[in-house]
Amino acid sequence: MVKREFTTEMIAAGRMLLELLDRHKFRTCAAFWFYFDESARWRFVVASPEVRTRGSIAAYRKINALARKIPGGDEIFGPSNVTALEDNNRLVVALRRANSTGPKLAGRRLTGEAINGTMIDDAYIYRLT
C-alpha cells in the first residue's frame, strides 16, 4: 500500500487540537499521530480517562467539535482520522513506559521502532503522561 505523507500541517493541527482539548478541560494523557499500516492511514490518537468514564461516543463528539474549530480541521481530523482510546490501552501503556524509562518522546517522530514489544511503523508524539 502507498503511505500517505505526514505533513507539517498535520503536526501543527495536532498541536492546536491538543491545546484546545486542554483549554476545554478534556483530560488527555496521551496524544500522537500514529500510522496504522492495516488501514494505510495516519490517525490522530487521543488517550483519555474520559473515554473509559464517559464512553467513546462522548469523547469523539468533544474531540470532533474542537477539531472543527481548527482551520482545515474537517479534512485533517475527518471521522476516520481520529482515534479515541482509554488511558489504559496497550499501545498507550507501552509508549508511556518507554517515555518514563528512556529519552522523552514528546516532540519526536518514531519510525520503524520497537517499543516494549510493540512495533511502531511511524508516529509523532505530542504527550505521554
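1. Contact means heavy atoms within 4.5 Å. With that in hand, take Glu 50. Beyond its neighbours within four places in sequence, Glu 50 is in contact with Lys 25, Phe 26, Arg 27 and Gly 55. This is a predicted model, in which local features need pLDDT of at least 70 and side-chain atom pairs count only at pLDDT 80 or more, while totals for chains, interfaces and linings use all residues. Residues are numbered from 1 along each chain as its sequence is written, and side-chain values use heavy atoms, with hydrogens and water left out.

2. Now the overall plan. The chain has 5 helices and 5 strands. Here helices (H or I, at least four residues) and strands (E, at least two) are DSSP runs, numbered from the N terminus. Starting at that end, the order of elements is α-β-β-α-α-α-β-α-β-β. The radius of gyration is 14 Å, close to the 14 Å that the globule rule gives for 129 residues, so the chain is as compact as a globular protein of that length. That radius is taken over C-alpha atoms, and the rule is 2.2 Å times the number of residues to the power 0.38. Along the principal axes, the C-alpha atoms fill a box of roughly 35 × 35 × 25 Å.

3. Of the 129 residues in the chain, 47% are buried. Buried means under 20% relative accessible area, exposed means over 50%, and partly exposed lies in between (1.4 Å probe, protein chains only). The accessible surface comes to about 6900 Å². Carbon and sulfur atoms own 51% of that surface. These areas come from the Shrake-Rupley method with a 1.4 Å probe; for residues, only the protein chains shown count as cover.

4. Charges come next. The chain carries 21 positive and 14 negative side chains. Lys and Arg count as positive and Asp and Glu as negative; His and the chain ends are not counted. The centres of the two sets lie 7 Å apart. Each charge is placed at NZ of Lys, CZ of Arg, CG of Asp or CD of Glu.

5. Back to Glu 50, a residue of helix 2 (residues 49-54). Is Glu 50 buried or exposed? Its relative accessibility is 7%, so Glu 50 counts as buried. Its side chain makes a polar contact of 3.1 Å with the side chain of Arg 27. A polar contact is a pair of N or O atoms within 3.5 Å; within protein, one must be able to donate a hydrogen and the other to accept it, and residues adjacent in sequence count only if both atoms are side-chain atoms.

6. Asp 87 sits in the loop between strand 3 (82-86) and helix 5. At 15% relative accessibility, this residue is buried too. Which side chain does Asp 87 join by a polar contact? The partner is Arg 52, at 2.8 Å. Leaving aside residues within four places in sequence, Asp 87 has contacts that include Cys 29, Ala 47, Pro 49 and Arg 96.

7. Look at the loop between helix 1 (8-23) and strand 1 (30-36), where Thr 28 lies. Thr 28 is buried, at 8% relative accessible area. Its side chain reaches the backbone oxygen of Phe 26 at 3.1 Å. Outside the four places on either side in sequence, Thr 28 is in contact with residues including Leu 18, Val 46, Arg 127 and Thr 129. Lys 25 also lies between helix 1 and strand 1. Lys 25 is exposed, at 69%.

8. Check two backbone angles. Phi of Lys 25 is near 60 degrees, a positive value in a residue other than glycine. Ala 40 has a positive phi as well, near 50 degrees. Ala 40 is in the loop between strand 1 and strand 2 (41-48), and is buried at 16% relative accessible area.

9. Finally, two glycines. Gly 102 lies in the loop between helix 5 (90-101) and strand 4 (109-115). Gly 102 is partly exposed, at 32%. Gly 107 is also placed between helix 5 and strand 4. How far is Gly 107 from Ile 125, 18 residues apart along the chain? Their C-alpha atoms are separated by 5.6 Å. Not counting residues up to four places away in sequence, Gly 107 touches Tyr 124, Ile 125 and Tyr 126.
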